[in-house]
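Trainee: I would like to learn how to read contacts and ring pairs in a model. Can we work through a case together?

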Amino acid sequence: MAIAGDMGRENLNTWKNKVKHCIDEAKEKLFLLSKDIWSSPEIAYEEKLAHDRLVSFFSEEKGWQVERHYKLHTAFRATWGPFGGKNGDNVVNVGFLCEYDALPGIGHACGHNLIAEVGAAAAIGLKGVLESESNSPVRVKVTVLGTPAEEDGGGKIDLILAGAFEGMDVVFMAHPSQEDAVYLPDMAVHDVNVKYHGKASHAAAYPWEGVNALDAAVIAYNNLSALRQQLKPDWRLHGIIKHGGLKPNIIPAYSELEFYLRTPKHRDLSYLRAKAEMCFRSAAMATGCQVDIMFAKHEYHNILRNTTLDQLYEENGRTLGMQFTTDQNVLNTPSGSTDFGNVSYVVPGIHPYFYIGSDALNHTEEYTAASGAEEAQFYTLRTAKALAMTAVDVLLRPDLLKEVKEEFAQGVLCEQAVSKSAPPAGAASVLH
């Protein structure tokens with residue numbers, strides 16, 4: 001990984017030090033941005049206040065061109081540049097992603113307010129150093145995308161389909177966790193909603209006249225519990241009964257379940273879908289109910305890892321004092337899911353995890369409190385610095401950008417080849 005041309009190690013370090021300085025200069029307004037988003041949690045596709053706050057933030061920053069409602073009503077795009085290089089040079093478009101949706105009932109229990117802050121801070125840091133250095137060897141464009149609905153729906157997938165990631169060369173974001181980790185194996189996931197329709201009747205006087213939709217839901221739930229015995233150890237199948245009836249003396253005419261199906265690789269989801277569908281359909285047959293099986297419009301992919309970016313991020317993080325976890329149980333156990341996985345199949349990128357000063361677990365009230373605490377700020381801004389410093393490496397060392405893109409292209413080809421060679425797994429469409 002040689003440093004190209006006249007941009008030696010000293011100049012590289014100078015750029016990175018300026019990145020850190022620019023982010024530190026903006027720390028108070030960045031904390032206020034994060035706190036405002038945290039104080040008004042909004043669920044997927046309804047993030048109006050968070051969206052408006054981020055739009056105002058970039059509109060008030062010098063030089064940014066802001067598209068307020070970009071492709072989706074609660075998405076935005078802020079761009080700066082192109083800057084540097086020569087007019088005939090190709091532009092390197094560096095993207096930073098901001099999430100800002102919250103969870104129902106418990107607010108920012110996944111710390112998406114900090115994700116928004118990291119994206120904004122890293123973009124400001126990179127823009128600041130580019131403005132101060134007139135000898136950039138390449139023409140650079142900095143793009144910030146506000147990506148709603150990560151927790152439910154898949155806003156990034158909507159944006160991919162709308163062409164929002166076209167022209168980007170590399171994308172960066174980071175997610176709060178309990179430790180610093182360059183990469184964790186997020187799983188592919190597909191959500192399914194199942195509705196059983198039966199017939200109401202008096203449960204004591206003439207139950208034989210009814211068709212019990214709750215029985216169908218319970219049988220389906222138990223079918224899926226039995227199915228787990230036959231699943232691969234790293235596949236996941238979990239859900240809830242959302243509706244089970246109105247009163248004990250009325251045979252339930254309607255019930256509803258919601259399940260998440262997860263596999264380490266998105267290519268395996270079709271197998272799990274087919275098996276789960278048989279469980280749902282057999283419960284309807286056993287009880288005489290009608291069933292509607294509706295899969296979510298998007299499935300989330302696993303993250304396609306880019307080890308070149310990972311190594312750069314880890315090197316920069318260590319210079320900032322990050323102590324990356326070596327716990328193999330953490331590093332090798334599939335955990336949650338993210339629509340960034342889909343992004344990683346269309347643009348090379350990185351999605352590290354970062355410690356926020358608390359051992360609380362995500363999706364808990366304790367993590368909600370931790371994500372809004374001032375203590376989280378040091379770790380959040382440190383992560384933003386590491387992302388922006390990694391972007392500097394990619395910009396000033398063209399061999400690295402080439403390596404990043406080659407690894408990405410090879411990874412996509414390998415995934416496509418494996419998917420094509422897999423046997424068919426049966427239908428996975430909406431059933432009635």
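Trainee: Leaving aside its neighbours within four places in sequence, which residues is L331 in contact with?

Mentor: Keep in mind that this is a predicted model. Setting aside neighbours within four places in sequence, L331 is in contact with Y183, L184, P185, T325 and T326.

Trainee: Where does L331 lie?

Mentor: L331 lies in helix 9, which covers residues 328–332.

Trainee: What separates L331 from E99?

Mentor: Their C-alpha atoms are separated by 23 Å. Along the chain, L331 and E99 are 232 residues apart.

Trainee: Now the rings. How many aromatic pairs does a search of the whole structure find?

Mentor: The search finds 11 aromatic pairs. A pair of rings is described by the distance of the centres and the angle of the planes. Take W80 and F83: the ring centres are 5.2 Å apart. Their planes are at 35°.

Trainee: Why is the pair of W80 and F83 called tilted?

Mentor: Planes under 30 degrees apart count as stacked, and over 60 as edge-to-face. The planes of W80 and F83 are at 35°, so the pair is tilted. W80 is buried, at 7% relative accessible area. F83 is partly exposed, at 26%.

Trainee: Which residues do ring pairs link into a cluster?

Mentor: The cluster links F57, F58, W64, F76 and Y100.

Trainee: What lies over the face of W38?

Mentor: K35 does, at 4.5 Å from the ring centre.

Technical notes: Residues are numbered from 1 along each chain as its sequence is written. This is a predicted model: local features need pLDDT of at least 70, side-chain atom pairs count only at pLDDT 80 or more; totals for chains, interfaces and linings use all residues. Side-chain values use heavy atoms; hydrogens and water are left out. Helices (H or I, at least four residues) and strands (E, at least two) are DSSP runs, numbered from the N terminus. Contact means heavy atoms within 4.5 Å. Rings of Phe, Tyr and Trp (its six-membered ring) pair if their centres lie within 6.5 Å; planes under 30 degrees apart count as stacked, over 60 as edge-to-face and the rest as tilted. Buried means under 20% relative accessible area, exposed over 50%, partly exposed in between (1.4 Å probe, protein chains only). A charge sits over a ring if NZ of Lys or CZ of Arg is within 6 Å of the ring centre and within 35 degrees of the ring normal.
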